Amino acid sequence: MKPFMNEDFLLSSSVAQELYHEMAEKMPVLDYHCHINPEEIAKDRKFDNITQVWLGGDHYKWRQMRSNGVDEYYITGDAPDREKFQKWAETLEKAIGNPLFHWSHLELQRFFGYYGILNGETAEEVWNLCNKKLQEDSMSVRNLIRQSNVTLICTTDDPADDLAWHKVIAEDETFEVQVLPAWRPDKAMNIEKPDYAEYLEKLGTSANMEIKSFDDLKVALKKRMEFFDQMGCRASDHALEYVMYVPETEENIEKIFASKLAGNSITRQEELKFKTAFMAFVAGEYTRLGWAMQLHYGCKRDNNEEMYQKLGADTGYDCINNYAPSAQMADFLNAIKKKGSLPKTIIYSLNPNDDEAIGTILGCFQDSEAVGKIQQGSAWWFNDHKTGMTRQMTSLANLGLLGNFIGMLTDSRSFLSYPRHEYFRRILCELIGGWVENGEYPYDKKMLEKIIKGISYNNAVRYFGFHLEEK
């Protein structure tokens, strides 16, 4: 029996161990998509206790606590932090097979030097150990990032954001890690939302103009994109229900937009037509600016209406949506390709059943503008576990070029989440090591090092065009 989560955790063969320890383990982390708050980096926040940094905003953990019958008072309510931590510890001991069990113990090992097991009985010991450690200067936000060997972070930012905290960080010569904005224009696209007109006022103010037409909206977005570009933005991100393609004339898109501003409701078909036009426009601008376009889809959000009314969005009530017509995604990419407006594109589906469809679509639109120009994104959200990561990389290897994969992203709101990159790299090395052990790929250390280091870090450096050195 192997020891629990020792140095060869998830690495079952000698080749896998060699690939990880000699090639992947020391590679830096490039976090090209996350949801951390740049203000906390600018202010170099320190946390009072482990509950603040571990459970605050982490709907992954909240879902499991609810599954364990924990009252909401101990999850998002006003219970004392020590009691919330106890309820999480009692939940974690039952999370056998769940990535949270692995992530949590990796974080305890890497940041707090704790190699025991967190459960209801050890909660007091772990609480005291972690809280004592958190008082050290080494545990401030910036130092957590440094400890994790992070070179660059892309946050998630609305077009109307003034990026004030990004400016503070960029001007601070004492912090060497790049923190760049990433463009997330969902609110500008979601014409069906009841507060859409209010958002347009906010966006217009940030662009110093009034938005009275779709043409105005495009002008405002272009202004804000120029500002984001000056601040170092190299990527956009879109949260889509699916990648739709319902084309319409510019004249009729203007009519749909005018109708919405007049206070009328928008039909489902009008919504899809507008979003198609919106995405086609921004794709062209991303191409002009050299940005990558990230498309996240396949999620049905806020399913528990009662709890959504109490807690709002992103609180653990989302699920996989199995409606994603791949034909429309292919038609959309084809349409923007014909216009010369297909940027580097990363496609993520929350539904693992979409892996093969994505893998075949990628090959239809690759060209010499970039290596791996159209990417399948890493196993995302409900799939970023051992099974999901292995499946996604195996599918990509079967249908494309795994060696050009840009690898893992953190997609987290927590500064303790960087060991997820270690988790991914161990799974990557186990997968490739298994192929080598089985005679499916040669034991050529030079070729293997290029692949492992590429997927771990270097491919993303090249793909996004960040000002970083390859390792």
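Entry 1, second largest pocket. I looked up its volume and found about 490 Å³. I take a pocket as an open set of points on a 1 Å grid over the protein atoms alone, with protein on both sides within 12 Å along at least five of seven lines, and lining residues as those with an atom within 4 Å of a point. Grid points are joined across faces, edges and corners, and a volume is the space filled by probe spheres set on the points. The pocket is lined by 22 residues, and Tyr20, Glu25, Arg110, Gln147 and Glu422 are the closest to its centre. Helix H1 (14-24), helix H6 (99-112) and helix H19 (419-437) each give two or more residues to this lining. H19 supplies the largest share, five residues.

Basis of the entries. The model is predicted: local features need pLDDT of at least 70, side-chain atom pairs count only at pLDDT 80 or more, and totals for chains, interfaces and linings use all residues. Residues are numbered from 1 along each chain as its sequence is written, and side-chain values use heavy atoms, with hydrogens and water left out. Helices (H or I, at least four residues) and strands (E, at least two) are DSSP runs, numbered from the N terminus.

Which residues of H11 (residues 196-206) are buried? I list Tyr196, Tyr199, Leu200, Leu203, Gly204 and Ser206; buried means under 20% relative accessible area, exposed over 50%, partly exposed in between (1.4 Å probe, protein chains only). Seen down the axis, the buried residues of H11 fall within an arc of 155 degrees, so they line one face of the helix; the arc is that of the directions from the helix axis to the C-beta atoms. Glu198, Glu201, Lys202 and Thr205 are exposed on the other side of H11. Just after H11, Asn208 takes a positive phi of about 60 degrees.

Asp216 and Gly204 are 12 residues apart in sequence and 9.0 Å apart in space, C-alpha to C-alpha.

A cavity is a set of points where a 1.4 Å probe fits but cannot get out. I found about 90 Å³ of space in the largest cavity. Its lining has 15 residues, with Ser349, Asp355, Ala379, Asn383 and Gln392 nearest the centre.
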